[in-house]
Amino acid sequence: MLNETLKNARKQKKLTQTELANIIGVKPAEVSQYESGKRTPRFNVLIKILDTLDLSLIHISEPTRLQLIS
């Protein structure tokens, strides 16, 4: 899940929610909402988050299920 990935990556970088918010230009409450899953960041904000946390879009994408056609 996106929210868990963001939270874990932020903690690995040893950043508080407030510090991350200041870096990406949002309010700390927004970072809290992203991490709790109550809100999804806009694409431009998501890109800033990923850059800051050294993540890529592939890190946050859902696993794909392969279906075999018989």
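Predicted model: local features only at pLDDT ≥ 70, side-chain atom pairs only at ≥ 80, totals over all residues.
Let me start with one cut-off: a residue is buried under 20% relative accessible area, exposed over 50%, and partly exposed in between. Keep that in mind for K13. At 35% relative accessibility, K13 counts as partly exposed. We'll come back to its partner.

First, the overview. The protein chain has 5 helices and 0 strands. Along the sequence the pattern reads α-α-α-α-α. Of the 70 residues, 30% count as buried. The chain exposes about 5,300 Å², and carbon and sulfur atoms supply 53% of that. Now the contacts with a separation of 6 or more. Residues 24 or more positions apart account for 52% of them.

Next, the core. The largest nonpolar core has 16 residues. Which residues have the most contacts inside it? They are I24, V26, I49 and L53. As for the helices, α1, α2, α3 and α4 each supply at least two residues of this core. The largest share comes from α4, with 4 residues.

Let's take the helices in turn, and begin with α2. That helix covers residues 17-24. Its buried residues are L20, A21 and I24. Down the axis of α2 they fall within an arc of 100 degrees, so they line one face of the helix. The background here is simple. An α-helix has 3.6 residues a turn, so residues three or four places apart point the same way.

What covers that face? The cover on the buried residues of α2 includes α1, α3 and α4, that is, residues 2-12, 28-36 and 43-52. Look at I24 in particular. Not counting residues up to four places away in sequence, I24 touches V31, V45, K48, I49 and T52. Then the helix ends. G25 follows α2, and its phi is positive, near 80 degrees.

On to α3. Here E30, V31, Y34 and E35 are buried. Seen down the axis of α3, the buried residues fall within an arc of 135 degrees, so they too line one face of their helix. They pack against α1, α2 and α4. Just after α3 comes another glycine, G37, with a positive phi of about 85 degrees.

Notice that two glutamates are on that buried list, E30 and E35. What do they pair with? That takes us to the salt bridges. A search of the whole structure finds 3 of them.

Start with E35. E35 forms a salt bridge with R10, and the closest N and O atoms are 2.5 Å apart. E35 lies in helix α3 and R10 in helix α1, so the pair ties together parts that are 25 residues apart in sequence. Are the two partners buried or exposed? E35 is buried, at 8% relative accessibility. R10 is buried as well, with a relative accessible area of 7%.

Now E30. E30 forms a salt bridge with R39, and there the closest N and O atoms are 3.6 Å apart. E30 is buried, with a relative accessible area of 14%. R39 is partly exposed, at 35%.

And back to K13, as promised. The side chains of K13 and D54 meet in a salt bridge, 2.3 Å from N to O. K13 lies in the loop between α1 and α2, and D54 in the loop between α4 and α5, so this pair ties together parts that are 41 residues apart in sequence. D54 counts as exposed, at 54% relative accessibility.

Two more residues before I stop. N3 counts as buried, at 13% relative accessibility. A polar atom of the N3 side chain lies 3.2 Å from the backbone oxygen of E35. So which residues does N3 contact, leaving aside its neighbours within four places in sequence? They are Y34, E35, S36 and G37. E35, then, has its salt bridge to R10 and its backbone oxygen by the N3 side chain.

I60 counts as buried, at 15% relative accessibility. Beyond its neighbours within four places in sequence, I60 is in contact with L2, T5, L46 and L50. One C-alpha distance to finish. I60 and L6 are 54 residues apart along the chain, and their C-alpha atoms are separated by 8.4 Å.

Conventions
Residues numbered from 1 in each chain as written. Heavy atoms only, no water. Buried < 20%, exposed > 50% of the residue type's maximum accessible area, 1.4 Å probe, protein only. Arc of directions from axis to C-beta. Contact = heavy atoms within 4.5 Å. Areas by Shrake-Rupley, 256 points an atom, 1.4 Å probe, with all protein chains shown as cover. Polar contact = N/O pair within 3.5 Å; in protein donor to acceptor, adjacent residues only side chain to side chain. Core = buried A, V, L, I, M, F, W, Y, C linked by side-chain atoms within 4.5 Å. Salt bridge = Lys/Arg side-chain N within 4 Å of Asp/Glu carboxyl O.
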